[in-house]
Amino acid sequence: MGIHRKARSQARPADQAKAGLLSLNKGWQESKPWIVERAGKPVQVESVTGTLNNFIVEPFLPHPSNTEYYVCINSQREGDEILFTHEGGVDIGDVDAKAARLLIKVNAPFPPRADVKSNLLAAVPAEKQDTLYDFLSRLYSVYVDLHFAYLEINPLVCLDATPNSAPTIHFLDMAAKLDQTADSICAPKWAIARDLSVYTETAAAAPGAKIQLDRGPPMVWPAPSLF
């Protein structure tokens with residue numbers, strides 16, 4: 001069983017890979033020197049230069065390239081636009097030129113299943129369209145509830161169905177920005193999300209316990225550039 005590890009930078013996921021910030025299918029003993037070699041050192045990704053201080057180590061997910069997709073949601077004056085391509089991963093190419101687009105106007109509900117399938121998922125195998133629709137509808141609900149301004153997943157993996165299960169979704173890399181002006185609305189939810197203790201088995205809060213706004217690492221405003 002391998003490990004997928006990546007340096008935490010503010011570059012877009014595909015650019016991280018091209019800059020050598022991803023290492024795949026290696027055990028922990030091989031991962032440690034890879035991290036030590038890069039920790040605390042400056043790196044440039046296109047026009048962005050920064051120091052690598054955080055690394056993510058996670059289980060490796062073997063998958064064929066034709067199961068990789070790309071999705072991006074970004075907020076505009078007219079509403080939220082969803083970009084989707086049936087080809088994701090490191091070599092995604094020019095997203096603006098190839099992505100299918102769907103605009104959800106301000107205060108409008110998430111579009112019906114048929115509209116999303118015809119506008120965004122037309123190039124996706126039919127047996128995966130319902131699974132991806134369900135995921136996108138839930139993703140957009142979280143995007144709105146937590147006042148994101150930008151969210152990109154690449155690659156978004158949808159593995160084939162098996163005799164015992166429907167197609168399954170895995171998101172391997174994500175970049176996102178929050179809307180700072182929503183701090184007074186979302187601060188308690190953001191605080192929970194950035195508190196690593198909530199992911200441990202003993203992190204369950206007592207019933208009625210008050211959520212403190214200073215849990216976890218501090219928020220950084222303005223958010224660093226993704227590009």
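## Surface and overall make-up

The chain exposes about 13100 Å², of which carbon and sulfur atoms supply 55%; accessible areas come from the Shrake-Rupley method with a 1.4 Å probe, and for residues only the protein chains shown count as cover. This is a predicted model, in which local features need pLDDT of at least 70 and side-chain atom pairs count only at pLDDT 80 or more, while totals for chains, interfaces and linings use all residues. Residues are numbered from 1 along each chain as its sequence is written, and side-chain values use heavy atoms, with hydrogens and water left out.

Of the 227 residues in the chain, 37% are buried. Buried means under 20% relative accessible area, exposed means over 50%, and partly exposed lies in between (1.4 Å probe, protein chains only). The chain has six helices and eleven strands; these are DSSP runs numbered from the N terminus, with helices (H or I) of at least four residues and strands (E) of at least two. Among contacts with a separation of 6 or more, 54% are between residues 24 or more positions apart, a contact being heavy atoms within 4.5 Å.

Helix H2 covers residues 28-38, and Ser31, Trp34 and Ile35 are buried in it. Seen down the axis of H2, the buried residues fall within an arc of 95°, so they line one face of the helix; the arc is that of the directions from the helix axis to the C-beta atoms. Gln29 and Val36, on the other side of H2, are exposed.

Valine 45 has valine 48 in E4 as its bridge partner. The hairpin of E3 and E4 has two residues between the strands, and glutamate 46 takes a positive phi near 55° there.

Glycine 79 is found in strand E7 and counts as buried at 3% relative accessibility. Its C-alpha lies 4.6 Å from that of valine 106, although glycine 79 and valine 106 are 27 residues apart in sequence. Not counting residues up to four places away in sequence, glycine 79 touches Asn74, Leu103, Ile104, Lys105 and Val106.

Glutamate 81 is also placed in strand E7 (residues 79-85). Glutamate 81 is buried, with a relative accessible area of 13%. Leaving aside neighbours within four places in sequence, glutamate 81 is in contact with Cys72, Ile73, Asn74, Gln76, Arg101, Leu102 and Leu103. The side chains of glutamate 81 and glutamine 76 are joined by a polar contact of 2.9 Å. A polar contact is a pair of N or O atoms within 3.5 Å; within protein, one must be able to donate a hydrogen and the other to accept it, and residues adjacent in sequence count only if both atoms are side-chain atoms.

## Aromatic pairs

A search of the whole structure finds seven aromatic pairs. Rings of Phe, Tyr and Trp (its six-membered ring) pair if their centres lie within 6.5 Å; planes under 30 degrees apart count as stacked, over 60 as edge-to-face and the rest as tilted. Phenylalanine 110 and tyrosine 133 have ring centres 5.7 Å apart and planes at 55°, so this pair is tilted. The pair links distant parts of the chain, 23 residues apart: phenylalanine 110 is in the loop between strand E8 (100-105) and helix H4 (113-119), and tyrosine 133 is in helix H5 (residues 126-145). Tyrosine 133 is buried, with a relative accessible area of 10%.

Phenylalanine 135 and phenylalanine 171 form another aromatic pair, tilted, with 5.8 Å centre to centre and 35° between the planes. Here helix H5 contributes phenylalanine 135 and strand E10 (residues 168-171) contributes phenylalanine 171, 36 residues apart. Phenylalanine 135 is buried at a relative accessible area of 8%. Phe110, Tyr133, Tyr140, Tyr143 and Phe148 form one aromatic cluster.

## Lysine 128 in helix H5

Lysine 128 is found in helix H5 and is buried, with a relative accessible area of 3%. Not counting residues up to four places away in sequence, lysine 128 touches Thr67, Tyr69, Cys158, Leu159, Asp160 and Pro167. The C-alpha atoms of lysine 128 and isoleucine 169 are separated by 9.9 Å, with the two residues 41 apart along the chain.

Methods
Two strands pair if DSSP finds at least two bridges between them.
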